[in-house]
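Thanks, everyone. Please have the model open while I talk.

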Amino acid sequence: AGGVADMMGVGYLLLLIVAAFANPSKSQEVQFEVITEVKPDECNVVTELGDTITVHYYMYINGSVMESSRVLNDGKPVQIVLGEESVLPGWNIGLLGMCVGEIRRLILPPEYGFGIHARGVINGKTVLIFTMELADIRKTSPVAKNSTEPEAQAPKASDAIQEEL
């Protein structure tokens with residue numbers, strides 16, 4: 001258990017370092033933020049770069065729900081690989097060190113979301129807020145597999161977001 005706690009501490013330290021140095025001149029009004037809303041009592045495995053994870057999410061813009069995995073794709077969670085370029089930068093950082101069952105709120109200034117590129121209602125200045133619930137972690141190492149859901153059942157987050165916008 002001490003090993004997982006130590007890994008979580010390193011993950012959060014990395015998160016703070018990356019958040020502090022990634023484009024510090026942009027979005028001075030709104031800072032990248034990760035807020036843990038629900039944390040399971042027991043956590044034996046945490047997310048790391050390269051893990052395939054399955055998450056439910058709600059995306060808010062200006063206080064309104066604009067998209068949700070619980071509405072798209074027959075309500076199935078989406079699947080992403082942490083660290084891939086197709087994943088929003090804020091997801092790649094904000095979902096590190098997470099436990100199955102944990103719920104986090106991510107506040108993403110534009111440079112951590114879709115950047116300066118306009119997509120539908122999302123323009124280059126849009127701040128995105130996500131509520132993320134981790135449903136499953138599949139480790140990249142064959143020794144440390146922890147999966148309860150087949151890979152083929154969950155669509156990729158980038159596909160769902162692109163369809164809606």
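Look at Glu 48 first. Glu 48 is partly exposed, at 35% relative accessible area. This is a predicted model, by the way. Glu 48 makes a salt bridge with Lys 139, and the closest N and O atoms are 2.8 Å apart. Where do the two residues of this pair lie? Glu 48 is in the loop between β1 and β2, Lys 139 is in the loop between β6 and α3, and so the bridge ties together parts 91 residues apart in sequence.

Now Lys 139 itself. Its relative accessible area is 11%, so Lys 139 counts as buried. Lys 139 has another partner, Asp 51, with closest N and O atoms 2.7 Å apart. Asp 51 sits in the loop between β1 and β2, 88 residues from Lys 139. Asp 51 and Lys 139 are both buried.

Stay with that β1–β2 loop. Lys 39 is there too, and the loop between α2 and β5 holds Glu 102, 63 residues away. These two form a salt bridge, at 3.4 Å between the closest N and O atoms. Buried or exposed, for Glu 102? Buried, because its relative accessibility is 0%. Lys 39 is partly exposed, at 35%. The whole structure has six salt bridges.

Next, the disulfide. There is one. Cys 43 is joined to Cys 99, with 1.8 Å from S to S. Cys 43 lies in the loop between β1 and β2, Cys 99 in the loop between α2 and β5, and 56 residues separate them. The link is left-handed, with -95 degrees about the S-S bond. Both cysteines are buried.

On to the core. The largest nonpolar core has 27 residues. Among those with the most contacts inside it are Trp 91, Leu 108 and Phe 130. Which elements supply at least two residues each? They are β2, β4, α2, β5 and β6.

One local detail. β2 and β3 pair antiparallel over four bridges. Met 59 stands opposite Glu 67 in β3. The two strands make a hairpin with two residues between them, and Asn 62 in the turn has a positive phi of about 50 degrees.

Finally, the overall picture. Three helices, six strands. The order is α-β-β-β-β-α-β-β-α. Of 165 residues, 42% count as buried. Among contacts between residues at least 6 apart in sequence, 71% join residues at least 24 apart.

Key:
Residues are numbered from 1 along each chain as its sequence is written. This is a predicted model: local features need pLDDT of at least 70, side-chain atom pairs count only at pLDDT 80 or more; totals for chains, interfaces and linings use all residues. Side-chain values use heavy atoms; hydrogens and water are left out. Buried means under 20% relative accessible area, exposed over 50%, partly exposed in between (1.4 Å probe, protein chains only). Contact means heavy atoms within 4.5 Å. A nonpolar core is a set of buried Ala, Val, Leu, Ile, Met, Phe, Trp, Tyr and Cys residues joined through side-chain atoms within 4.5 Å. A disulfide is a pair of cysteine sulfur atoms within 2.5 Å. Two strands pair if DSSP finds at least two bridges between them. A salt bridge is a side-chain nitrogen of Lys or Arg within 4 Å of a carboxyl oxygen of Asp or Glu.
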